[in-house]
Amino acid sequence: MKTYQQGWTLRRRVAALLGVVLALLLGLAAAEAAVAAKNRQNIDAVLLRTGPLRVQAQELMSVLLDQETAVRGYAVNGDRSDLAPYQEGVRREQELITSIRGLSAGYPDVRREVGVVEQQTAQWRAQVAEPVIATTARGGPAAGQALITDRTRQQFDGIRASITTLQDEILTVRKQTADRVNSTSNTLVMLLIIAALVVAVAGAVMLVSLDRILIRPLAALVGQVREVAEGDYQHRISGSGPPEFLRLADDIDQMRQKIAQDLDEVRQARERIEWVNDQLQKQAEELTRSNRDLEQFAYVASHDLQEPLRKVASFCQLLQRRYAGQLDERADQYIAFAVDGAQRMQRLINDLLAFSRIGRLTTGFTEVDLNRVMGDVAGQTEAARQYADAELTWDEMPTIRGEEPLLTNLLVNLVSNSVKFRRPDVPPRVHVSARLVDREWEISCRDNGIGIEPEFADKIFVIFQRLHSKDAYPGTGIGLAIVKKIVEYHGGRVWVDTDAEEGTTIRFTLPALEADVEAAQAAENAATEETGAAGSAEDAPVDVARQPDGAASEEPAVAADRHETNGGMKETVG
């Protein structure tokens, strides 16, 4: 493997930069979290502790004033109902003192002032409030008022001063806490600014680094690749920058060399293909000329030779009729040979003419009802079937697109062959049926004749090929060749079903109309839904037919039974 320049890879460089930035951001994030937590604590102290402390200190002052006012009112009136505010104030005072002690945890100066206030209020109740209440209850309002002096008023003023001192201390604590909130908030903002600067600087460094180690080398590499793409396949590609780019440039250059080599091979192959195409074009032109000559020969053979051949046949027959019995037996035999040869030559020429006309003289495709065609076939083969006591039957036949005369000729040849190649002492039976397979109609002509050996299944469709002597079965050997040419002209194929148990079964296909295909698909879907609803998992038995390539096609047993019946049409001659 090629050794590349040592140095940090692109991944390592990016990972190092991102690691530094990540470490800085994580440190800043940790500091920000700590400062934010401290700031939250200070805010909670302002909102949840110093604020309520201030409110409760003011309420404590109000409660003590209510107690002092209630005692004075009772000393003046002597009415016990005037002591209700005093008693409620004592209860509320204890609640406030307890709450203030809980909120002032961590504030020792506040707790100290709370203790002073609590001590002074206890002394005031013991030295002033309780004696006044007891004296008034025993001696009346005058005795109670006598106990309220300037000294007692000064004692309560001392309580007011202590509460004022408590409130001042709470304000001092609140201000200190608020200052800490401002300080931590400012610190948090500074940390956020520093984090933003770190991100901005890291982004700038990343952009500069990517431009230097990624964008510029990549742009240079792209420029070289474009030169190669524009057709300069000999331009060597070199890279710069991180080791990855050097390896990439080397891989691309190796690919360039491979492409250049392949292009040279393609160019040579294209030159060879062009030469072969020229040769094929010449051969095609030669084949076209040859076919044209063959068509001209067929025309000459079927037209220009007819007249001299008819003359030879006529004079041979004339000799046979006029001089029969006048010459010796050998002469009569020679004349009979000449007549038979001339007649067979006429039949061969006529069949050759019919074969050459298939697909050349066309009337155009139309929709052809094969039921009507089978009626014509029955009429044309009536004489032969009367002679052989043959029976012709057919099922309901489809409508297809094709040339009716050719299709009639096709079926006439098949039926005639079935009648001709019959077994001795067995009345011939010929049955024609049709079924839809995929998008084609498969038409079968089945008989109970002598059958065809599998090794001769393909030979019978070759022109002028015969499996029997002309003495055993007359004919020119061109009938099935005409059948094959007509089927292929209509876009189908023809074969012998070698699996037939009796006689011969010849099958051929013809393209089906789109309406027939759609109707069959709809019927199949309906049957599938019905089967699924019934929950049946049984597969229908199938009738298997062998295709030309040896593959088997399946047909439901119901359809096979329908093909076995003569419920469509029947033509019997006896």
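1. Asp179 and Lys175 form a salt bridge, with their closest N and O atoms 3.4 Å apart. The structure is a predicted model. The two residues lie four positions apart in helix α5 (residues 150-229), which means that about one helical turn separates Asp179 and Lys175. An α-helix has 3.6 residues a turn, so residues three or four places apart point the same way. Asp179 is partly exposed, at a relative accessible area of 39%, whereas Lys175 is exposed, at 55%. The two residues fall in separate classes because exposed means over 50% relative accessible area.

2. A second pair occurs in helix α6 (residues 243-304), where Lys258 and Asp262 are four residues apart, about one turn of the helix. Lys258 forms a salt bridge with Asp262, and the closest N and O atoms are 2.9 Å apart. Both partners are partly exposed: Lys258 has a relative accessible area of 45%, and Asp262 has one of 28%.

3. Which parts of the chain does the pair of Arg493 and Glu440 link? Arg493 forms a salt bridge with Glu440, the closest N and O atoms lying 2.9 Å apart. This pair joins distant parts of the chain, since Arg493 is in the loop between α12 (479-489) and β6 (494-496) while Glu440 is in strand β5 (residues 440-447), and the two are 53 residues apart. Arg493 counts as partly exposed at 33% relative accessibility, and Glu440 likewise counts as partly exposed at 24%.

4. Beyond these pairs, a network of salt bridges links Glu59, Glu88, Arg91, Arg92 and Glu95. Across the whole structure, the search finds 22 salt bridges.

5. Helix α9 (residues 370-380) deserves a separate comment. Its buried residues include Leu370, Asn371, Val373, Met374, Val377 and Ala378. Viewed down the axis of α9, the buried residues fall within an arc of 155°, and therefore they line one face of the helix.

6. What caps the N-terminal end of α9? The cap is Asp369, which places a side-chain oxygen 3.0 Å from the backbone nitrogen of Asn371. Asn371 is also one of the buried residues of α9.

Note on methods:
Residues numbered from 1 in each chain as written. Predicted model: local features only at pLDDT ≥ 70, side-chain atom pairs only at ≥ 80, totals over all residues. Heavy atoms only, no water. Salt bridge = Lys/Arg side-chain N within 4 Å of Asp/Glu carboxyl O. Buried < 20%, exposed > 50% of the residue type's maximum accessible area, 1.4 Å probe, protein only. Arc of directions from axis to C-beta. Polar contact = N/O pair within 3.5 Å; in protein donor to acceptor, adjacent residues only side chain to side chain.
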